[in-house]
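I opened the model today to look up a handful of local features and note them down. The entries follow in the order I took them.

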Amino acid sequence: MASKGDPVYQIFSFHDCKTSPDPIFDLPAQCQTPVPAPVPIVIDNGSFQTRAGWAAPAAEFESPRLLFRSVAARSRGAARSETQIGNDIPNLEPLRWLLKSQFDRNVVVNFEIQELIFDYVFTHLGITSEGSVAHPIVLTEAPCNPLHCRQMMSELLFECYRVPYVSYGVDSLYSFYHNNAQRNLQPPHTGIVLSSGYHCSHILPVINGRLDAVNCKRVNVAGSQAASYLQRLLQLKYPGHLAAITLSRVEELLHEHSYTAVDYQEELEKWRSPEFYEREVHRMQLPFSGKVPGGCVSVEERHERRAQQLRRLQEINARRREEKLLQDQERLDRLMAVQELLEDGLLDQFHKSLVELNMDSAEELQSYINKLQLAVEQGRQRLLLSDGAEGKAEVSELEQPMDEGDGVALMDPDFPEDTLPEKPANVVQPVFNLAEYHQLFVGTERLRCPEILFQPSPTGEDQMGLMETLQFVLARYTPEQQEALVSNVFLTGGNMQYPGMKERVEKELLAMRPFQSHFKVTMASRPALDAWYGARDWALEHLPTEGGAVAEGWISRQDYEEKGGEYLSEHCASNVFIPIKIAKPVPARPTEPSVAPLTSNGASAAVTTVT
């Protein structure tokens with residue numbers, strides 16, 4: 001049993017998980033037969049992760065077959081075959097500057113990357129047909145998705161892949177209905193969905209089984225903003241470990257070490273206690289080597305480094321003397337050649353050479369030659385005596401400028417500079433813990449980053465938090481509708497998985513709702529995956545053909561050609577389709593000048609013609 005004085009440390013290591021490429025599955029036999037209906041493909045097109053699988057009743061298809069990050073590593077000008085997608089990228093950090101996503105916020109705008117994602121999904125599911133996919137597609141989209149984005153997506157699926165049917169639905173609504181079915185709630189369902197993903201968070205009111213799109217609200221704070229905020233906090237706290245605090249490690253910290261405080265201010269007060277801090281802080285161990293800048297160096301090592309520095313400085317100075325001696329000798333030979341011109345009587349060439357040398361007379365030339373001859377002779381003597389007594393004197397001369405800092409510029413840049421001042425041997429130096437130097441103490445950051453979902457102001461976002469937005473949405477309904485909505489508050493999305501999130505929402509609802517009013521908050525059983533399971537359940541219940549007619553929620557190729565790419569067949573988990581009516585301008589007819597009648601006093605009355 002540990003004593004009370006023993007500290008209780010929680011030391012963790014980063015997993016740094018690396019993904020392995022997805023296998024290419026064979027097309028299952030039960031998915032090949034189109035009778036009575038082709039088996040749909042369910043794709044949860046998430047901004048953080050894509051999930052794809054079959055909507056077949058067999059037990060082997062109950063979970064998605066593909067789960068991968070919604071990113072593609074593609075450099076400019078690279079071929080399609082050179083693009084790495086999802087799990088083909090074992091480590092995202094070396095290729096972080098190449099990563100591209102099909103999303104802007106939570107809306108698909110980059111359809112070139114989206115086409116690469118679809119190619120990856122269809123290929124790994126075993127669909128090898130060239131130019132067409134014979135299976136219906138159930139695809140998730142953003143709440144209140146712009147018509148232009150849906151038009152481009154339908155054009156990609158119908159024109160490029162020639163799919164027979166497409167159905168669009170909202171991922172959080174699929175999760176809502178899937179969990180309501182598990183709780184045996186009878187439709188039509190009424191409630192309010194709080195969804196928080198990677199790019200955005202949403203408040204989605206559902207009344208009598210249909211989304212109330214007019215009162216939907218979006219908050220531009222979610223998992224990516226929390227990860228960026230945590231990375232900024234840690235890099236400011238540990239400037240010596242900037243390269244080690246990568247975005248992948250920060251996301252790991254968020255997913256496994258963060259939590260939501262039920263009472264934020266009260267929780268921060270707890271962290272003021274040293275005992276609470278030592279007990280709750282998570283020490284993240286970074287990989288380290290034995291050599292640390294500024295670490296303890298023995299006296300023998302310091303003298304050896306100084307001796308190596310002196311030897312290198314001697315070699316550098318000897319090499320420079322040789323180079324200077326060669327340059328002086330070459331210049332002396334050139335001047336001697338000019339002097340020979342004077343001795344040979346070639347006066348014109350001699351004067352021309354003097355002008356080139358910027359000299360005025362033969363006496364100046366002779367004086368310069370004498371100086372060079374003396375310098376060359378002294379240089380040769382220094383080289384000959386460098387190994388003798390004069391070499392030792394040189395070493396003593398070099399020590400002085402090095403101690404003053406003047407000789408540092410002569411050092412080899414590859415040789416590490418020793419900046420530690422010498423200390424007497426009897427001085428006790430503090431013990432340096434290498435392990436603690438390479439540890440990240442993650443304390444209040446564990447609750448500060450999830451808190452931005454409720455208070456976005458620390459990240460610089462000038463907008464309301466999630467619960468304040470919920471209160472604004474509820475205020476737009478009658479008291480009876482508010483009671484029905486808060487009786488089924490549903491939390492879903494990957495960013496809702498922090499411990500304590502449900503308790504925090506309940507506390508905020510208790511503060512905003514009237515006295516003695518009732519509400520119920522439920523969390524999705526699998527907040528990140530229930531959207532795919534809900535879409536699969538919906539596809540199994542609504543097959544695309546029922547007696548030759550197109551079922552509710554499916555868009556056929558004929559519908560696409562007749563009604564346009566922005567057309568949406570509504571169902572319980574879909575958006576509301578509001579077509580844009582563009583009024584055709586009526587061509588204006590030229591106005592004819594009208595005859596103004598004369599009044600009794602002879603003035604003409606102005607007549608205006610309106611077209």
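Entry 1, a loop asparagine. I am working from a predicted model. I began with Asn 488, which is buried at a relative accessible area of 6%. I located Asn 488 in the loop that lies between α15 (479-486) and β18 (489-492). I then asked which residues Asn 488 is in contact with, leaving aside its neighbours within four places in sequence. I listed Phe 176, Asn 180, Arg 183, Leu 185, Thr 190, Gly 191, Ile 192, Lys 520 and Thr 522.

Is Gly 465 buried or exposed? I noted a relative accessibility of 1%, so Gly 465 counts as buried. Not counting residues up to four places away in sequence, I have Gly 465 touching Val 219, Leu 453, Phe 454 and Pro 456. I also took the C-alpha to C-alpha distance from Gly 465 to Glu 451, which is 9.4 Å for a sequence separation of 14 residues.

I counted up the secondary structure of the protein chain as 18 helices and 22 strands. The protein chain has 611 residues, and I have 43% of them as buried. For contacts with a separation of 6 or more, I noted that 71% are between residues 24 or more positions apart.

How do the axes of helix α4 and helix α5 cross? I took α4 as residues 223-237 and α5 as residues 247-257; their axes come within 9 Å and cross at roughly 110°. I therefore put α4 down as roughly perpendicular to α5. On the α4 side of the contact I listed Gly 223, Ala 226, Ala 227, Leu 230, Gln 231 and Leu 234. These meet Leu 247, Val 250, Glu 251, Leu 253 and Leu 254 in α5. I sorted the residues of this contact of α4 with α5 into eight nonpolar, two polar and one charged.

I traced an open sheet of three strands in the order β6-β5-β7, with antiparallel pairing. I marked β6 (84-85) and β7 (99-100) as the edges; each has a single partner strand, so one side of each is left without a neighbour in the sheet. Between β5 (residues 72-73) and β7 I found two bridges, and the two strands run antiparallel. I noted Ala 73 opposite Leu 99 in β7.

Gln 285 stands opposite Gln 439 in β17. Which way do the residues of β17 (residues 439-442) point? I have Gln 439 and Phe 441 pointing one way and Leu 440 and Val 442 the other way, and all are buried.

How many disulfides does a search of the whole structure find? I got zero. I checked Cys 216, which is in no disulfide; its nearest cysteine sulfur belongs to Cys 144, 4.4 Å away. A disulfide would need the sulfur atoms within 2.5 Å. I have Cys 216 as buried, at 13% relative accessibility. Cys 17, by contrast, is exposed, and I noted a relative accessible area of 66% for this residue.

Definitions and conventions: Residues are numbered from 1 along each chain as its sequence is written. This is a predicted model: local features need pLDDT of at least 70, side-chain atom pairs count only at pLDDT 80 or more; totals for chains, interfaces and linings use all residues. Side-chain values use heavy atoms; hydrogens and water are left out. Axes are lines fitted to C-alpha atoms, for helices over the stretch in contact, and angles run from 0 to 180 degrees between N-to-C directions. Helices (H or I, at least four residues) and strands (E, at least two) are DSSP runs, numbered from the N terminus. Angles under 35 degrees count as roughly parallel, over 145 as roughly antiparallel, 65 to 115 as roughly perpendicular and the rest as oblique. Contact means heavy atoms within 4.5 Å. Ala, Val, Leu, Ile, Met, Phe, Trp, Tyr, Cys and Pro count as nonpolar, Asp, Glu, Lys and Arg as charged, and the others, Gly among them, as polar. Two strands pair if DSSP finds at least two bridges between them. Buried means under 20% relative accessible area, exposed over 50%, partly exposed in between (1.4 Å probe, protein chains only).
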